[in-house]
Amino acid sequence: MRERIEKVEREITEIVIANKQDAEAFRILYLGSKGVLKSFYQEFRAVGADEKKELGQRLNELKLKIEEKLSKITWEETENNVATKIDFTRPGRSTQIGSLHPLTLIRNELIHVFSKIGFSISEGPEIEDDWHNFSALNFAPDHPARDMQDTFFIDSMMEGFSLRTHTSSVQVRVMENEKPPIRTISPGRVYRNEAISARAHCFFHQIEGLYIDKNVSFADLKQTLDYFAKSIFGGDAKIRLRPSYFPFTEPSAEVDVSCTLCHGGGCGVCKHTGWLEILGCGMVDPNVLDSCGIDSTIYSGFAFGMGIERIAQLKYRVTDLRLYSENDIRFLNQFHF
Ligand code: DAH
């Protein structure tokens, strides 16, 4: 009997109880009215007096072990039993997917629009020398843009360098390195020494456009801009050109697009004029062509430059420039398209 009690002891430590049914089967097998323990007790009655004490003790220990295993398992393991805890009808937890930044969206859209009419993409450095940012673009030595007030100059070690103030510097690099016909746009970040407010920032983004070939005329420029405005702002968008001045273009113009909100009727966004200023443009000044190694007696071209934030502002009605660089998730989350 002693050996059989020991065998049962070993047996119960090895039994795995995984769920409620297992626990019940275990209970019936060992503690049930026809169970193992019951038959041991029946046998025990016939045990001689000399063994009674020891075997009685052993039987009690076995009973305790069985009960202990059962109580632990019943309450712990069946609680943890995944099948009884999970509600498979509950909706799943969705993964958060990021979105492109609004400025990236607009930049990509502009690239798409211009690539459809044959414009390539070119890029240049953000730290630029005086030649590419100013001199080659026909800025006079005393032009106010060269002033510390407007431009971030890089001191000491890199004298003559500044953070580019516009992407027009990339025009120069392209013209120096490529032969006409040239048809390219240059998106990128630019820097100005401005106090940060809702309407001004010390860095923002531009896209520059450049087209050089034989017989390029102002009409080509106008047509290209009309195509651009209709592609970005919708088929009923109109453009208006006003004479202006830039050192690197002659003639120069500033371009307005019909107000995207009131469609010309007049509203707060367009200050009741029906028009919104969006870019600067002009025919590339012959001085600039010659400075960049392109013969201005053979070639002509047009250029334009626009702020990406400005286009985003008109498309998404974001009126505070600071929002673009604050990375507020509540702002960025609105651009899941
Ligand atoms: N570079 C000018 C600016 O930052 C924008 C500009 C005006 C670019 C006329 C051009 C242009 O290419 O022809 O304000």
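Trainee: How far does a polar side-chain atom of S168 lie from a nitrogen atom of the ligand?

Mentor: This is a predicted model, in which local features need pLDDT of at least 70 and side-chain atom pairs count only at pLDDT 80 or more, whereas totals for chains, interfaces and linings use all residues. Residues are numbered from 1 along each chain as its sequence is written, and side-chain values use heavy atoms, with hydrogens and water left out. A polar contact is a pair of N or O atoms within 3.5 Å; within protein, one must be able to donate a hydrogen and the other to accept it, and residues adjacent in sequence count only if both atoms are side-chain atoms. For S168, the distance to the ligand nitrogen is 3.0 Å.

Trainee: What percentage of the ligand's accessible area does the protein cover?

Mentor: The backbone contributes as well, with a polar atom of A303 3.2 Å from an oxygen atom of the ligand. On its own, the ligand has 350 Å² of accessible area, calculated by the Shrake-Rupley method with a 1.4 Å probe; for residues, only the protein chains shown count as cover.

Trainee: Why is α8 described as largely enclosed, and how many of its residues are buried?

Mentor: Buried means under 20% relative accessible area, exposed over 50%, and partly exposed in between (1.4 Å probe, protein chains only). The buried residues of α8, among them S168, Q171 and M175, pack against β2, α7 (130-133), β5 (182-191), β6, α10 and β10. The helix is largely enclosed by the rest of the structure because, of its 10 residues, the number buried is seven.

Trainee: In the sheet of seven strands, which two strands stand at the edges?

Mentor: Two strands pair if DSSP finds at least two bridges between them. The seven strands form an open sheet with mixed pairing, in the order β1-β5-β6-β10-β9-β8-β7. Each edge strand has a single partner, so one side of each is left without a neighbour in the sheet; these strands are β1 (120-121) and β7 (239-246).

Trainee: Which residue of β10 is the bridge partner of E208?

Mentor: Strand β6 is largely enclosed by the rest of the structure, because nine of its 11 residues are buried. It pairs in the antiparallel sense with β5 over 10 bridges, and eight bridges join β6 to β10, also antiparallel. In β10, the partner of E208 is G305.

Trainee: Which residue stands opposite A303 of β10?

Mentor: Strands β9 and β10 pair over five bridges in the antiparallel sense. A303 also has a polar backbone atom 3.2 Å from a ligand oxygen. Opposite A303 stands G282.

Trainee: Is D285 buried or exposed?

Mentor: D285 lies in the loop between β9 (275-284) and α10 (286-291). Contact means heavy atoms within 4.5 Å; leaving aside neighbours within four places in sequence, D285 is in contact with N138, P247, F248, T249 and E250. With a relative accessible area of 11%, D285 is buried.

Trainee: What is the relative accessible area of K38?

Mentor: K38 belongs to helix α3 (residues 36-45). Leaving aside neighbours within four places in sequence, K38 is in contact with G32 and S33. K38 counts as partly exposed, because its relative accessible area is 43%.

Conventions. Helix = DSSP H or I, 4+ residues; strand = E, 2+ residues; numbered from the N terminus.
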